[in-house]
Amino acid sequence: NEARNAKGDLYTIRLLQFDVNMELGNYNEAYASLQSLKDKSAFDYLVRKAKWEDHTGNLDNAILLMEEAFEIVKEGKMSLYCWTLSNLADMYGHAGRIEDAYQSYLAVLKKNPANLYCLKGIAWIAYSHDNNTAEAKRILQFILTQTDMPELKLMLAEIAESEGDKVEKNKLLNEFISIVTRASYGDMYN
């Protein structure tokens, strides 16, 4: 709103309005911002429309839109390539297309071996699809040596629960709560 009042770029404002309203759960406002975008073939529109379709339960269409967006950026900037393909990998995973998800994560890691988000996705595949809890834990513990991602504690707690280790599960849940209730996190994990 401040950007709009300061006469900021209207296109960018509409993109940000969609993003913020989706995060806040203001779905009618988000949809109105999305509909106000004129170029329905632009990358910025396609990724947001994919997010909208995923939100409304139309995962197949979300994947098609994200694939279309990826075609636009696959020969361009590495950061957009990696971001788009890793999000597409997530969608493939949600659709049960595990091999597509795995190969997409690997393709991103070829371009950017430090992409911890893709390692997290591979850890999830190891756990949820391959039932390889040891490998999933190894990957997640490695990620935790590189960065502090509190949600990894939740994944590790879920793995501990699946292994019947209630003590480890509770320890990890308490660690997660201790981290995310710090004032510096605000309402991020509320």
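Predicted model: local features only at pLDDT ≥ 70, side-chain atom pairs only at ≥ 80, totals over all residues.
Q: How far from Cys-82 is the nearest cysteine sulfur?
A: Cys-82 is in no disulfide. A disulfide needs two cysteine sulfur atoms within 2.5 Å. The nearest cysteine sulfur belongs to Cys-118, and its distance is 7.1 Å.

Q: Is Cys-82 buried or exposed?
A: The cut-off for buried is under 20% relative accessible area. Cys-82 has a relative accessible area of 5%, so the residue is buried.

Q: Does Cys-118 count as buried or exposed, and at what relative accessibility?
A: Buried means under 20%. Cys-118 falls in that class, so it counts as buried, with a relative accessibility of 0%.

Q: Which residues lie nearest the centre of the largest pocket?
A: The largest pocket has a volume of about 620 Å³. Its lining holds 25 residues. Nearest the centre lie Asn-87, Asp-90, Met-91, His-94 and Tyr-117.

Q: Which element gives the most to the lining of the largest pocket?
A: Two or more lining residues come from each of helix H4 (43-55), helix H6 (78-94), helix H7 (98-111) and helix H8 (116-128). The top contribution is seven residues, and it comes from H6.

Q: How many residues in the lining of the largest pocket are nonpolar?
A: The lining is split by class. Five residues are polar and seven are charged. The nonpolar count is 13.

Q: Where do the buried residues of H3 fall, seen down its axis?
A: The buried residues of H3 are Ala-30, Ser-33 and Leu-34. They fall within an arc of 100°, so they line one face of the helix.

Q: What covers the buried residues of H3?
A: Ala-30, Ser-33 and Leu-34 are the residues in question. Their cover includes helix H2 (10-24) and H4.

Q: Which residues does Leu-34 touch, leaving out those up to four places away in sequence?
A: Leu-34 lies in helix H3 (residues 27-35). At 0% relative accessibility, this residue counts as buried. Contact needs heavy atoms within 4.5 Å. Leu-34 touches Phe-18, Lys-40, Tyr-45, Arg-48, Lys-49 and Trp-52.

Q: How far apart in space are Leu-34 and Arg-14?
A: In sequence, Leu-34 and Arg-14 are 20 residues apart. In space, C-alpha to C-alpha, the distance is 7.4 Å.

Note on methods: Residues numbered from 1 in each chain as written. Heavy atoms only, no water. Helix = DSSP H or I, 4+ residues; strand = E, 2+ residues; numbered from the N terminus. Buried < 20%, exposed > 50% of the residue type's maximum accessible area, 1.4 Å probe, protein only. 1 Å grid on protein atoms, 1.4 Å probe; cavity = no way out; pocket = protein on both sides within 12 Å on 5 of 7 lines; lining within 4 Å. Points joined across faces, edges and corners; volume = space filled by probe spheres on them. Nonpolar A, V, L, I, M, F, W, Y, C, P; charged D, E, K, R; others polar. Arc of directions from axis to C-beta.
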